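Have the model open while you read.

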Amino acid sequence: MMKQASIPAPLMAKYEKLQGILQKLGSVAVAFSSGVDSTFLVKAAHDTLGAKAVAFTAASDFVPQRDVDEAKAFCAKEGIEHHVVPFPILTVPHVKENPENRCYYCKHALFSHMKEIAAEKGLACVVDGSNLDDDGDYRPGHRALRELGIVSPLHEAGLYKQDIRDLSKALGLPTWDKPSFACLASRFPYGTELTPEGLDRVNLAEEFLMDRGFRQLRVRAHGNIARIELLPSDIPRMLDESLREKTAAYFRKLGFAYTALDLLGYRTGSLNETIAPKQ
């Protein structure tokens with residue numbers, strides 16, 4: 001139930017616009033990762049369209065199993081039809097080589113597959129959780145979505161990330177303050193070959209830090225060096241001698257010879273900082 005009294009009128013107007021967009025679509029397959037944006041979208045779609053809103057979650061080497069499990073649990077609780085879509089992402093041409101436009105090849109292949117399944121189930125279109133904040137970074141995957149005709153209702157409704165968090169809180173969604181996490185491939189510099197073992201290694205490294213109370217973080221893999229990005233406010237805690245030693249020892253077991261702490265802290269798309277500006 002939406003707590004409308006606590007929502008500013010302009011934000012409520014955006015939510016109502018979102019509902020109108022979904023109603024016009026008629027039926028949707030929601031690309032559901034269990035993140036902040038897609039959780040809000042699948043909830044809004046189900047509240048608006050009922051059984052005509054179906055959730056699809058990709059299961060691949062790029063997605064931690066915990067995200068798939070959270071997606072299953074959420075849909076079961078909300079009574080949303082949910083399909084886990086196994087997808088061998090590393091077999092998609094160019095993806096394993098991890099070029100700068102890897103995300104284009106990945107999303108083009110994955111969403112093409114989702115469109116096929118959605119059509120088989122009689123759903124009008126596939127929708128994703130892109131929002132206005134996604135316009136501010138290098139995101140080649142967006143070109144694939146446009147080419148395939150994937151609809152981004154949150155973006156179309158004029159919603160920013162903070163809007164989505166505020167509305168999620170009003171809806172009582174557990175993800176309203178969930179940290180943002182991109183796919184595991186984003187932990188590797190472009191040109192680094194992606195392997196199941198490497199992807200699993202950074203996932204285990206990040207889970208180690210999560211288990212110790214760190215929430216918003218990244219472990220970037222530079223060969224045998226792990227570069228940890230934490231929120232600036234969390235950096236002092238990582239300087240504790242015992243935690244430093246345990247972290248270094250565990251990361252060494254995973255195969256990292258060296259563990260480094262990034263002094264600039266967590267930021268989205270830090271590996272895009274090495275990309276030369278396009279003229």
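At what angle do the axes of helix α1 and helix α7 cross? They cross at roughly 90° and come within 11 Å, with α1 covering residues 9–25 and α7 residues 161–170. Keep in mind that this is a predicted model.

**α1 against α7**
- On the α1 side, Leu11, Lys14 and Tyr15 make the contact, and α7 brings Asp163, Asp166 and Leu167.
- Sorted by class, that's three nonpolar and three charged residues, with no polar ones.

**Helix α4**
- α4 runs over residues 102–120, and its 19 residues reach 28 Å from first C-alpha to last, close to the expected 27 Å.
- Its buried residues are Arg102, Tyr104, Cys106, Leu110, Phe111, Met114, Ile117 and Ala118.
- Looking down the axis of α4, those buried residues fall within an arc of 165°, so they line one face of the helix.
- Glu116, Ala119 and Glu120 are exposed on the face turned away from the buried side of α4.
- The cover over the buried residues of α4 includes β1, β2, β3, β4 and α5.
- After α4 comes Gly122, with a positive phi near 75°.

**Helix α10**
- α10 (residues 241–254) buries Leu243, Thr247, Phe251 and Leu254.
- Down the axis of α10, these buried residues fall within an arc of 60°, so they line one face.
- They pack against α8, β5, β6, α9 and β7.
- Turned away from the buried side of α10 are the exposed Glu241, Lys246, Arg252 and Lys253.

Definitions and conventions. Residues are numbered from 1 along each chain as its sequence is written. This is a predicted model: local features need pLDDT of at least 70, side-chain atom pairs count only at pLDDT 80 or more; totals for chains, interfaces and linings use all residues. Side-chain values use heavy atoms; hydrogens and water are left out. Axes are lines fitted to C-alpha atoms, for helices over the stretch in contact, and angles run from 0 to 180 degrees between N-to-C directions. Helices (H or I, at least four residues) and strands (E, at least two) are DSSP runs, numbered from the N terminus. Contact means heavy atoms within 4.5 Å. Ala, Val, Leu, Ile, Met, Phe, Trp, Tyr, Cys and Pro count as nonpolar, Asp, Glu, Lys and Arg as charged, and the others, Gly among them, as polar. Buried means under 20% relative accessible area, exposed over 50%, partly exposed in between (1.4 Å probe, protein chains only). The arc is that of the directions from the helix axis to the C-beta atoms. The expected span of a helix is 1.5 Å times one less than its number of residues.
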